[in-house]
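User: I am new to this structure and would like to know how its terms are used. Could you walk me through them?

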Amino acid sequence: MRVKVFVTPRKGILDPQGRAVEHALKSLGFDGVSGVHVGRYIVLDVEARSPDEASAAVRRMCDQLLANPLIEDYRFEVEPG
Amino acid sequence: MKWGVVTFPGSLDDRDTLYALRDVMGQDAVPLWHKDEALGGADCVVLPGGFSYGDYLRCGAIARFSPIMKSIARFAADGGLVMGICNGFQILCEAHLLPGALTRNRSLSFICERVTLRVENSNTPFTRAARAGELWRIPIKHGEGLYVAPDDELRNMEERGQVILRYVASDGRESEAANLNGSTRAVAGVANERFNVFGLMPHPEHAVEPMLGGVDGRRIFESIIESAR
């Protein structure tokens, strides 16, 4: 089962990368841009009998390795089929 | 006393640390490999700087699962002294042996500079030889050294004296400009609650001979030697 994991800087934590990208976009003339954050996108193929089983496994993977809960938030999508 | 210096794939400062300990401080120090499980009878284990596992995913996130880290966690739980320098500090945070996390410098640039550190707590095994408020000139060289911890946790850490080193101006005053990486509350080095695990971004092993531009890094090694007596 294919799972897509999105890891982003935790809200309230300084995100200098997001800020730098936002400044760069503004300097290109994209004035209406705000709240830019830069994160990580991880794709996994997980052997599981059901989406629930895959979700449970991926949540453990995120908590233990893929994200650092002190500085990052994560969410993921399990692709059907 | 005996020292162990761990080499992970991608460690850089393991040899410099061994040199500082053996050749400068006259200590008995053994190299340890990340796949080792024994710690070579060390009284203090040092996790050196570098880019373990290429800093993939997050700095220190993969090294944390090296076989030797299980032994180091047990050693620390038994009260053994553990010091993480730079990448070693990042690994100790990822392993939850130290509170907090290290993330991208505020400037987004890699910083290689000699900085001034103030000893905030001299009643620890790592700063015992110093006076409180003593100023050290020690280099930093990192891209991800901005220290972060939840507000309430950092406040508790400060009350308990776990913030051992802070970045300050050369006259010892706190200054936003002197906090080059943008660390929360200018934190440069922290200990665990039990004060036997210590992590810092600056490199004491690069400040042990006048030829290197200063000898203040010796103060940390001297403190640990004194504590082990």
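User: What volume does the second largest pocket have?

Analyst: The second largest pocket has a volume of about 250 Å³. A volume here is the space filled by probe spheres set on grid points, which are joined across faces, edges and corners. Before we go on: this is a predicted model, where local features need pLDDT of at least 70, side-chain atom pairs count only at pLDDT 80 or more, and totals for chains, interfaces and linings use all residues. Residues are numbered from 1 along each chain as its sequence is written, chains are lettered from A and ligands numbered from 1 in the order in which they are written, and side-chain values use heavy atoms, with hydrogens and water left out.

User: What makes a space a pocket or a cavity?

Analyst: On a 1 Å grid over the protein atoms alone, a cavity is a set of points where a 1.4 Å probe fits but cannot get out, while a pocket is an open set with protein on both sides within 12 Å along at least five of seven lines; lining residues have an atom within 4 Å of a point. The second largest pocket has 14 lining residues, and A:G12, A:I13, B:V148, B:A149 and B:T184 lie nearest its centre. The largest pocket holds about 480 Å³ and is lined by 27 residues, with A:Q17, A:R40, A:E72, B:T103 and B:E144 nearest its centre.

User: How many cavities are there by this rule?

Analyst: The count comes to one cavity of 30 Å³ or more. About 50 Å³ of space lies in the largest cavity, and its lining includes A:D63, A:P69, B:R58 and B:H96.

User: How do the residues lining the largest cavity divide by class?

Analyst: They divide into three nonpolar, three polar and four charged. Ala, Val, Leu, Ile, Met, Phe, Trp, Tyr, Cys and Pro count as nonpolar, Asp, Glu, Lys and Arg as charged, and the others, Gly among them, as polar.

User: Why is chain B called as compact as a globular protein of its length?

Analyst: First, its elements: chain B has five helices and 11 strands, where helices (H or I, at least four residues) and strands (E, at least two) are DSSP runs, numbered from the N terminus. The radius of gyration of chain B is 16 Å, close to the 17 Å that the globule rule gives for 229 residues, so chain B is as compact as a globular protein of that length. That radius is taken over C-alpha atoms, and the rule is 2.2 Å times the number of residues to the power 0.38.
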